Amino acid sequence: MHPATARRAVAALVTSKIREIANAGLDAGDVLAFWFGEPDEVTPQFIRQAAGEALAAGETFYTHNLGLGELRAAIAAYVSRLHQPAGTDRIAVTASGMSALAIAFQALVDPGDRVVAVTPVWPNLVEIPKILSARVDPIALRFGAGGWTLDLDRLLDALTPATRVLVINSPNNPTGWTVTPDEQRAIFERCHQRGIWIVADDVYERLYYRDHAACAPSFLDFAPPEARIVSTNSFSKAWLMTGFRLGWIVAPSALVPELATLIEYNTSCSPAFVQRAGVAAIEGGEATVAATRARFRRARDRLVGALAALPEVDVALPPGAMYAFFRIHGVDDSLAFCRELVVRERLGLAPGSAFGPDGEGFVRWCFAASDERLDEGVARLARHLRSRTVR
Ligand SMILES: Cc1ncc(COP(=O)(O)O)c(C=O)c1O
């Protein structure tokens with residue numbers, strides 16, 4: 001019999017280390033878990049109601065591959081408000097931010113192509129190109145007293161003419177690092193000169209805490225509409241809609257018909273009633289976004305303040321996203337450390353090594369949680385760290 005195995009590129013994919021820890025801990029129901037990147041609140045009622053009404057009205061059919069015209073127009077208006085004017089012909093609706101990324105890479109990379117990624121990063125961003133048999137070269141952020149920073153010259157040097165795509169997630173999961181407008185311009189200039197595509201994963205752009213800005217700096221703020229930039233986005237985080245599975249792409253209009261073809265061969269379209277919820281969210285959800293950002297900012301300050309008081313922890317205030325990514329003295333196997341935390345303290349954190357080799361020695365804590373849960377989590381971590389010193 002021939003072995004029932006997947007092709008080589010698929011067999012070589014790494015499985016999620018976050019899942020490895022979570023699966024080990026989920027059997028024990030009393031784990032205080034901060035391992036997934038998911039807000040702890042249910043989707044606002046007006047958004048759920050829009051989905052419910054669409055279902056009740058019988059919206060159970062396929063839509064256009066690129067999404068409902070109304071949603072595409074609403075997204076185009078939203079992008080135009082936040083960044084620069086963008087037409088509906090630049091928008092593709094996708095069945096999640098994850099699907100947006102998969103489709104973007106399917107559109108842009110061939111087997112053997114070189115992709116440069118700023119890391120540590122959410123593992124999906126480097127595994128998706130590998131599914132397509134592309135090669136991913138990481139450029140690591142640096143951690144210091146002021147937090148995570150980019151070595152811009154190193155990144156620019158890595159953007160060789162043989163590079164096909166630069167993937168950049170800012171604000172970044174897991175570090176919160178956010179690219180500055182000056183860095184963005186330098187990166188854009190280099191990519192533009194060399195014909196390198198930029199895939200900008202912008203799912204955390206509204207969860208940005210510097211200068212009380214409404215949005216993080218974006219390539220969409222200044223790049224010409226036909227430049228080689230594909231921005232992927234999602235309703236999951238800022239509108240508390242992880243379970244809806246709805247996202248979008250902003251791309252040069254010339255690429256959009258190709259995206260439509262790829263959407264046909266991936267999901268064909270997003271469910272119509274989910275898209276109706278998206279219209280409600282984007283048209284009526286600014287208050288939700290502002291409240292979410294304010295709540296997460298308070299949670300970030302509370303958690304990072306408490307972690308900074310632990311002598312074994314090195315932590316900096318992340319300017320964006322919803323995670324603290326901190327170093328623990330003496331930890332060189334973050335997977336083993338997180339497993340120990342689940343077993344002994346029933347505290348669920350994500351190991352830094354899940355985000356690539358540059359994340360080793362760190363752990364990630366999603367702070368989209370209530371004060372009580374955060375405080376209890378810190379108490380459990382502190383107890384565990386004390387017990388390690390005595391042992
Ligand atoms: C950096 C990043 N990009 C994209 C996503 C995708 O989100 P979704 O597939 O829920 O839209 C996530 C989710 O955790 C993420 O952290």
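**Asp 137 and beyond**

Trainee: Let's start at Asp 137: which residues does it touch, leaving out those up to four places away in sequence?
Mentor: Asp 137 touches Arg 114, Val 116 and Ala 158. Keep in mind that this is a predicted model.

Trainee: And where is Asp 137 found?
Mentor: Asp 137 is in strand β4, which covers residues 135-140.

Trainee: Buried, exposed or partly exposed?
Mentor: Partly exposed, because Asp 137 has 13 other C-beta atoms within 10 Å, and a residue needs 20 or more to count as buried.

Trainee: How many Å separate the C-alpha atoms of Asp 137 and Ala 104?
Mentor: Those atoms are 18 Å apart, and the two residues are 33 residues apart along the chain.

Trainee: Let's zoom out. How many helices and strands are there?
Mentor: The protein has 13 helices and 15 strands. Buried residues make up 50% of the 391 residues.

Trainee: What radius of gyration does the protein have, and what would a compact globule have?
Mentor: The protein has 21 Å, and a compact globule with 391 residues would be near 21 Å, so the two agree. Along the principal axes, the C-alpha trace spans about 60 × 60 × 50 Å.

Trainee: What does the domain assignment give?
Mentor: Domain 1 is made of 8-43 + 287-390, and domain 2 is 61-285. Their C-alpha centres lie 25 Å apart. The contact between them takes 34 residues from domain 1 and 36 residues from domain 2.

Trainee: Which element gives the most to the side of domain 1 that touches domain 2?
Mentor: That's α11, with seven residues. Elements supplying at least two residues each are α1 (8-11), α11 (286-308) and β12 (323-328). By type, that side of domain 1 divides into 17 nonpolar, nine polar and eight charged residues.

Trainee: Tell me about β12, then. Is it largely enclosed or open?
Mentor: Largely enclosed by the rest of the structure, because five of its six residues are buried.

Trainee: Which strands are joined to β12 by bridges?
Mentor: Strand β11 (residues 313-314) runs antiparallel to β12, with two bridges. In that pair, Val 313 has Ile 328 as its bridge partner. Strand β15 (residues 362-366) is also antiparallel to β12, joined by five bridges. There, Ala 324 is partnered with Trp 365.

Trainee: Changing topic: which residues come nearest to the ligand?
Mentor: Of the 13 residues around the ligand, the nearest are Ser 96, Gly 97, Met 98, Ser 234 and Ser 236. The whole shell has three nonpolar, nine polar and one charged.

Trainee: What is the phi of Ser 96?
Mentor: Positive, at about 120 degrees, although Ser 96 is not a glycine. Ser 96 is in the loop between β2 (91-94) and α5 (97-108). With 23 other C-beta atoms within 10 Å, Ser 96 is buried.

Trainee: How about His 212, buried or exposed?
Mentor: His 212 counts as exposed, because it has 9 C-beta neighbours inside 10 Å. His 212 also has a positive phi, about 50 degrees, and sits in the loop between β8 (197-201) and β9 (229-234).

Trainee: Last one: which peptide bonds are cis?
Mentor: One is from Thr 119 to Pro 120, with omega near 0 degrees, and Pro 120 lies in the loop between β3 (114-119) and α6 (124-131). Another is from Ser 170 to Pro 171, with omega near -10 degrees, and Pro 171 is in the loop between β7 (163-169) and α8 (181-194).

Technical notes:
Residues are numbered from 1 along each chain as its sequence is written. This is a predicted model: local features need pLDDT of at least 70, side-chain atom pairs count only at pLDDT 80 or more; totals for chains, interfaces and linings use all residues. Helices (H or I, at least four residues) and strands (E, at least two) are DSSP runs, numbered from the N terminus. The radius of gyration is taken over C-alpha atoms; the globule rule is 2.2 Å times the number of residues to the power 0.38. A residue is buried if 20 or more other C-beta atoms lie within 10 Å of its own, exposed if 12 or fewer, and partly exposed in between; C-beta atoms are placed from the backbone. Domain bounds come from an automatic or database domain assignment. Two residues are in contact if their C-beta atoms, placed from the backbone, lie within 7 Å. Ala, Val, Leu, Ile, Met, Phe, Trp, Tyr, Cys and Pro count as nonpolar, Asp, Glu, Lys and Arg as charged, and the others, Gly among them, as polar. A residue is near a molecule or strand if its C-beta atom, placed from the backbone, lies within 6 Å of it. Two strands pair if DSSP finds at least two bridges between them.
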